[in-house]
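The following note was prepared for a colleague who wishes to examine the model alongside a written commentary. Please read each point with the structure open.

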Amino acid sequence: MGLTSDGWVARRVALWVITLMAWLALGCSREADKQGTTKAQRGTADSPWVIGMSQCNLGEPWRVQMNEDIETGAAKHPDLKVIFKDAQNDSLRQRAQVGELVAQGIDLLIISPKETAPLTKPVAEAYDKGIPVIVLDRRVSGDRYSVFIGADNEAIGREAGRWAAQSLGGKGKIVELKGLMTSSPGQDRHNGFRAGLALDQHPDLQVVFEADMQWLEPKARKEMESALAAHDQIDLVYAHNDPGAHGAYLAAKQAGRKGIKLIGIDALPHEGVHYVKQGLLDATFAYPTGGAEAIATALKLLGGNKIEREIVLGTRIYTQANVDQGGQAID
Ligand code: FRU
């Protein structure tokens with residue numbers, strides 16, 4: 001079948017247009033390569049997605065574990081690269097570091113914020129720029145982030161309160177060493193504990209001393225020294241984390257005070273669980289870092305998938321009675 005001359009011209013024009021478009025596309029991608037790979041091309045081993053991880057501090061073993069869990073999770077995915085920042089327990093530094101990560105052009109932000117109020121705005125700003133944000137363990141205010149991942153601190157506090165009331169037989173004097181009360185786990189572990197203690201139903205239970213030890217073992221030890229000096233009788237200490245409970249243990253040991261039950265939270269194998277095995281602590285509650293879940297969630301978000309707004313992680317209790325069997329899950 002012969003071509004008419006009109007048909008021939010149309011085919012030539014179409015060919016030119018295609019050639020021109022291909023040439024332009026090649027030019028654009030070369031331009032992109034000169035400036036660094038464009039977002040649309042990321043997500044390969046040659047050009048991985050870049051995740052910024054803003055960690056509030058690396059002072060406690062639990063946070064070192066969180067970073068390790070993130071690193072281990074990401075290492076299985078050559079299409080991911082993680083840049084870690086450590087704010088060294090300083091909210092202002094953490095704010096600045098979030099800004100630096102965003103300016104660097106990250107594809108996704110993971111943040112475990114030191115405090116709620118100062119970190120809410122930088123998180124919201126990153127999110128408003130279209131960067132997916134995963135908030136881990138401590139909360140920010142409002143809803144300008146993609147997903148929150150963490151255990152239910154109120155439920156953990158409530159279990160700790162119930163365990164305390166029960167193990168004291170409904171009678172005794174209690175010290176509460178609180179985590180930083182400007183961070184959400186501190187508030188939730190406190191409120192939950194008081195609900196679990198149910199002081200209205202236990203008139204012989206009394207919280208005789210409470211102080212904010214800001215999650216820090218040395219501060220917990222100092223506060224416990226004050227509590228011991230002020231109270232001849234202390235039957236139980238509830239510390240919002242295992243470093244705090246260990247600080248209380250050291251203070252009581254130094255003061256020669258025996259028979260005080262100690263409860264902590266975190267239950268790392270080499271920290272809280274080990275303390276329970278050694279008999280230094282009576283109970284600790286697992287507080288998973290969420291690092292592995294954060295990487296799994298990041299992959300979903302980067303793949304453009306819809307995910308739930310809140311991922312709640314479970315807990316376990318470890319006591320002298322069950323620690324050798326690996327503790328017991330709490331529903
Ligand atoms: C570490 C830590 C943990 C605690 C968590 C609460 O910085 O204090 O011990 O469970 O933070 O956010």
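1. Basis of the note. This is a predicted model, in which local features need pLDDT of at least 70 and side-chain atom pairs count only at pLDDT 80 or more, while totals for chains, interfaces and linings use all residues. Residues are numbered from 1 along each chain as its sequence is written, and side-chain values use heavy atoms, with hydrogens and water left out.

2. Overall make-up. The protein chain contains 10 helices and 13 strands; these are DSSP runs numbered from the N terminus, helices being H or I of at least four residues and strands E of at least two. Of its 331 residues, 49% count as buried (buried means under 20% relative accessible area, exposed over 50% and partly exposed in between, with a 1.4 Å probe and protein chains only). Among contacts with a separation of 6 or more, 69% join residues 24 or more positions apart; contact means heavy atoms within 4.5 Å.

3. Helices H3 and H4. Two packed helices are described by the angle between their axes and the distance between the axes. The axes of H3 (residues 91–104) and H4 (residues 116–128) come within 9 Å and cross at roughly 5 degrees. Axes are lines fitted to C-alpha atoms, for helices over the stretch in contact, and angles run from 0 to 180 degrees between N-to-C directions. H3 and H4 are therefore roughly parallel to each other (angles under 35 degrees count as roughly parallel, over 145 as roughly antiparallel, 65 to 115 as roughly perpendicular and the rest as oblique). H3 contributes Ser91, Gln94, Arg95, Val98 and Val102 to the contact, and H4 contributes Pro118, Leu119, Pro122 and Ala126. The residues of this contact divide into six nonpolar, two polar and one charged; Ala, Val, Leu, Ile, Met, Phe, Trp, Tyr, Cys and Pro count as nonpolar, Asp, Glu, Lys and Arg as charged, and the others, Gly among them, as polar.

4. A salt-bridge network. The structure holds 11 salt bridges, a salt bridge being a side-chain nitrogen of Lys or Arg within 4 Å of a carboxyl oxygen of Asp or Glu. Glu176, Lys178, Arg194 and Glu210 are linked in a network of such bridges. Glutamate 176 pairs with arginine 194, their closest N and O atoms being 2.8 Å apart. This pair links distant parts of the chain, with glutamate 176 in strand S6 (residues 172–178) and arginine 194 in helix H6 (residues 184–197), 18 residues apart. Glutamate 176 counts as buried at 0% relative accessibility, whereas arginine 194 counts as partly exposed at 24%. Arginine 194 also forms a salt bridge with glutamate 210 (3.2 Å, N to O). Glutamate 210 lies in strand S7 (residues 205–212), so its pairing with arginine 194 of H6 ties together parts that are 16 residues apart in sequence. With a relative accessible area of 38%, glutamate 210 is partly exposed.

5. Arginine 221 and glutamate 225 form a salt bridge whose closest N and O atoms are 4.0 Å apart. Both residues lie in helix H7 (residues 217–230), four residues apart, about one turn of the helix. Arginine 221 counts as partly exposed at 27% relative accessibility, as does glutamate 225 at 38%.

6. Glutamate 271. Not counting residues up to four places away in sequence, glutamate 271 touches Pro61, Asp242, Pro243 and Asp266.

7. Alanine 245. Alanine 245 is placed in helix H8 (residues 242–254) and counts as buried at 0% relative accessibility. Leaving aside neighbours within four places in sequence, alanine 245 is in contact with Ala239, Leu262, Ile263, Gly264 and Leu281.

8. Positive phi angles. Most residues other than glycine have a negative phi. Glutamine 88, in the loop between strand S2 (80–86) and H3, has a positive phi of about 50 degrees although it is not a glycine. Aspartate 266, found in strand S9, has a positive phi near 135 degrees. At 7% relative accessibility, aspartate 266 counts as buried.
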